Amino acid sequence: MQIDDLKLILKVAEFRSITLAAAKCDMRTATASAAIKRVELALGSELFIRTTRHLRLSAAGERYIPQCEQAIAVLEQAKQNLKGEHDEIEGELRVALSSDFGRNLVIPWIDELMDNYPKLSLRTHISDSNVDFYRDSVDIALRYGSPSDTNMYGFKICNVPRLLCATKEYLIAHGSPNHPDELNRHQGMFYQLQDIINNNWEFTDGQSKFKVKMQGRRASNDGDLVRRWCVAGKGLAVKSALDIADDLLADRVVTLMPNYQHVSGELWLICPSRQSITPAVRLLRDVCREKCRTILKQLIAKGIIDKSVLD
């Protein structure tokens with residue numbers, strides 16, 4: 001049996017779909033079906049029970065797939081052990097990134113990796129919408145928030161404060177709010193996910209929580225655009241400290257209401273399966289941790305965020 005056929009079998013078992021597995025492996029569905037038949041013929045057993053609408057593991061498949069997974073992992077590890085430290089980082093990074101953080105920070109970091117590792121290639125999915133690993137043909141995603149699906153694998157990159165920001169020019173013209181109750185006099189700019197506008201902002205003084213439904217004339221499903229509106233002085237925006245760090249460090253915007261912090265978040269690297277965690281993915285994880293920590297330290301040094309974010 002060919003190793004590529006076995007890898008395809010694992011993808012079919014993971015996705016419960018020959019079509020999705022074929023798309024993930026960049027092959028035609030008919031080619032994938034033929035590979036499955038070859039493996040089943042060699043084993044003398046059917047691994048999948050197929051109907052017109054569903055595909056599930058057979059009893060033989062339930063026994064075979066976990067052992068096949070372990071065998072492939074051992075072979076991959078043996079392959080990596082034979083390679084030099086520099087050459088072992090190869091393959092394609094198929095990664096989903098948010099518009100602002102991904103475009104302005106992560107892509108330059110990956111470009112550096114690709115300069116150092118010529119066998120590494122990249123395919124990106126840039127969107128602020130929730131990623132669908134099966135539909136969007138990606139293997140990993142850098143996202144704010146921990147994985148909600150217990151079947152997913154994830155690496156926490158860092159804590160990420162969310163900051164209320166505006167330009168000095170906007171504040172001179174409209175006043176600077178000191179309490180959440182004063183926000184109703186200001187224009188908010190909002191991130192929109194599908195039909196849901198994120199105009200309910202929540203703050204805390206460490207003891208009490210304050211929820212504010214903001215008013216505003218601008219909303220977008222593109223976080224990068226929301227940041228650009230903020231830098232242009234169009235109103236107030238709540239942004240990830242990482243997304244808006246460069247603007248804060250360059251004094252293009254300032255933070256507001258230091259005694260009332262917006263609810264913070266986390267940045268995670270999320271994988272749909274253990275097979276997705278390649279040496280290249282681990283390297284990207286480590287680079288993101290290092291780069292994000294450097295940015296957060298710069299914000300701490302300028303007094304913009306508290307050093308406790310590094311805990």
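Predicted model: local features only at pLDDT ≥ 70, side-chain atom pairs only at ≥ 80, totals over all residues.
The largest nonpolar core holds 49 residues, and the members that touch the most others are Phe 101, Trp 109, Leu 142, Leu 242 and Leu 267. Helix H9, which covers residues 279-301, is the element that gives the most to this core, with 10 residues. Residues of this core come from both domain 2 (92-151 + 267-298) and domain 3 (160-266 + 306-310), so the core lies between these two domains.

Trp 109 is worth a look of its own. When residues up to four places away in sequence are not counted, Trp 109 touches Phe 101, Val 287, Cys 288, Lys 291, Cys 292 and Ile 295.

Attention can now turn to the pockets. The volume of the largest pocket is about 1300 Å³. Its lining is made of 36 residues, and those nearest its centre are Lys 7, Glu 76, Gln 275, Ser 276 and Thr 278. At least two lining residues are supplied by each of helix H1 (3-15), helix H4 (59-81), strand S3 (91-97) and H9. H4 gives the most to this lining, with eight residues. Sorted by class, the lining of the largest pocket contains 16 charged, 13 nonpolar and seven polar residues. Where does the largest pocket lie? Both domain 1 (3-81) and domain 2 (92-151 + 267-298) give residues to its lining, so this pocket lies between them.

The second largest pocket has a volume of about 1000 Å³. This pocket is lined by 36 residues, with Asp 128, Asn 130, Arg 143, Tyr 144 and Tyr 191 closest to its centre. Several elements give two or more residues to its lining, including strand S5 (140-144), strand S8 (187-193), helix H7 (223-231) and strand S16 (265-271). S8 provides the largest share of this lining, four residues. By class, the lining of the second largest pocket divides into 17 nonpolar, 10 polar and nine charged residues.

Notes:
Residues numbered from 1 in each chain as written. Heavy atoms only, no water. Core = buried A, V, L, I, M, F, W, Y, C linked by side-chain atoms within 4.5 Å. Buried < 20%, exposed > 50% of the residue type's maximum accessible area, 1.4 Å probe, protein only. Domains from an automatic or database assignment. Contact = heavy atoms within 4.5 Å. 1 Å grid on protein atoms, 1.4 Å probe; cavity = no way out; pocket = protein on both sides within 12 Å on 5 of 7 lines; lining within 4 Å. Points joined across faces, edges and corners; volume = space filled by probe spheres on them. Nonpolar A, V, L, I, M, F, W, Y, C, P; charged D, E, K, R; others polar.
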